[in-house]
Every structure is written in structure tokens, then in C-alpha cells.
Amino acid sequence: MPELPEVECIRRALEGLLVGRTLSLDHIARQDIVGSLSNPRGQRRGPVKPIADEQLLHRSVVDRVLRKGKQLAIGSLCDRWLIVRLGMSGQLLTGSAASERCDHVHARWTIGGGASLAFRDARRFGSLIPCPSLSELEAHWQRLGPDALSIDPMDLLDRLRSRKLAVKAGLLNQQIVAGVGNIYADESLFRARIHPRTVCTSFRHEHAVRLAESLREVLASAIEHGGSTLRDYCSPSGITGSFRLVHQVYGREGQCCLICGAKLSGARVGGRATVWCPTCQGRRIK
Ligand SMILES: [Zn+2]
């Protein structure tokens, strides 16, 4: 599932390709992947309402591409927006990566009369959400916690300390902090030397400082590596990310800790497979 770094890599690529150019909607193969601000997951149940092409940025000049957490929004000069939720397997493809793929392509645009932009999503947990203005987009995104790349330690502390949750589960909650999923939660907790089962109520200021700094470092490094490709993620031009090659704990259960050599532990925490070092990330928070 694309997390913050993968979505930021897509945002940067789209910004370079789309800003100042006119999108034309070629076709929408599945109306049920179009959601609304009140029903963001799409029209999976009940009758499907057809969506006007203009709401999907038909004949719109792209002004900017924004991101919060794992969500993208493509904005037009006339202040019409399209939020893109990539879900588990969503992709935004351009150029030959877009024109060569036909399977699971649910929407396709032409960029400035030339290249193609395709929204592809094999598992269909993603959606496209029309949004009428920047103020509505900001209000919608207000429901998410602060973006993990720039979260302030005091803000993180306030948001975590009131919850009787394991910190791993807290990091995965998009209302507490936006953008972190399973990979970067494990990597950030390892770097911060914090056990994933640490209860948030036991957090103190220094732990929040360590965790906020680790989140920033891990996410920034992953962006530099073009993100982590496990299965479906690729950049709009079809290039895979290489951060997987430098994962220190994620996917390494039973292997040796790269810092101390201890065997890495694994268990489900917050409902997700979690890996940590029992030595570097001692159970008692230090
Ligand atoms: Zn270790």
C-alpha cells in the first residue's frame, strides 16, 4: 500500500507533468470508483450516480498537485479539485506506462492533447473524489492528523498521550498522524529505539521528540530512494522505488538486527504484522 513517501514521489512527478496543461477526460470505465466528500470510498453500495465529466477535471488546466498524508489532490485554475486515494494498489500512470496498460484502468485522461494519464487500481480500495474548492479540500483534510513529514513533537505528544493504544497502532491511525503505514511505522520506531507495544499514555516529551525526528528522517530518506516497492507501487512513469533495499526491520523478522546483531522479533501489533529488535527497542521506554 502506498504510504507518504510513495505518494509524495507521485505528487512530485505529476506536478512536473501536469501543471499548466489541460486535462481531457477520455473515459471513465467504472463510475463506482468515484466517491464524494461524504462517502470517500466510492459508490460501492446502492445505485451508482453518474458524475459530470467536469467534476473529474475534464477541460481543466492543472494549477497544482497537493498531498496530505497518503492522499493526493490535483487542483485546476478554476479551483476545481480531484482527490485521489490510492488505497492498496492504486496507481497514477503517465506516458508509455499509461498507454501500455489497459487492465484495471478505471479512468483515463489526455494531458494537453498528448500523453495519457491513467488511474489504475486492481484491488479497487482506492477512489477519486471530486471537490469543489480549495477551502472544501482543506476542511476535508482537517479530519486527518498533521502530515507525518512535518509533525511537531509537542503536537505528536498531545495526540498520542491521551490514547491507551500501543504506539504502533497510534502511528497507523490517520487521525493522529497522516501518512504512516506499516512499513514506515516499524522503521521509525526502530530508529527512535521505541518498542512498538509501548503504551502511548507512557510517552514523555523526549520520546515524542525522538519519534518525530525518526519519522522525518525515515520518510525523507524513503522519498530520496523513490519510495518502497513491495508489489504494486511504481512512479507515474512506471519506475519502482528502492527504499525496500534499506529497510532495517520491516520484512526482516528472524534476521539479525543491523545495529546489535540480535534476532529481530515479530508479532501482530495494532492488527498488523510488526517487526522490532528486542534489544535496541527494549520493552521499557527509556
Ligand atoms: Zn538491535
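These legends describe close-up views of a predicted model. Residue numbers start from 1 along each chain, as its sequence is written. Because the model is predicted, local features need pLDDT of at least 70 and side-chain atom pairs count only at pLDDT 80 or more, while totals for chains, interfaces and linings use all residues.

**View 1. The two domains of the protein chain.** The domain assignment gives domain 1 (4-141) and domain 2 (153-276); such bounds come from an automatic or database assignment. Their C-alpha centres lie 28 Å apart.

**View 2. The side of domain 1 that touches domain 2.** Here 19 residues of domain 1 are in contact with 20 residues of domain 2 (contact: C-beta atoms, placed from the backbone, within 7 Å). Helix H1 (4-18), strand S5 (90-94) and helix H2 (95-100) each supply at least two residues of this side of domain 1. Helices (H or I, at least four residues) and strands (E, at least two) are DSSP runs, numbered from the N terminus. H1 gives the largest share, 9 residues. By class, this side of domain 1 has 10 nonpolar, 5 polar and 4 charged residues (nonpolar: Ala, Val, Leu, Ile, Met, Phe, Trp, Tyr, Cys and Pro; charged: Asp, Glu, Lys and Arg; polar: the others, Gly among them).

**View 3. Packing of helices H6 and H7.** H6 (residues 182-192) and H7 (residues 205-224) pack at about 125°, with axes 8 Å apart. Axes are lines fitted to C-alpha atoms, for helices over the stretch in contact, and angles run from 0 to 180 degrees between N-to-C directions. H6 contributes Tyr184, Glu187, Ser188, Arg191 and Ala192 to the contact. Residues from H7 include Arg210, Leu211, Ser214 and Leu215. The contact has 7 nonpolar, 2 polar and 4 charged residues.

How values were computed:
Two residues are in contact if their C-beta atoms, placed from the backbone, lie within 7 Å.
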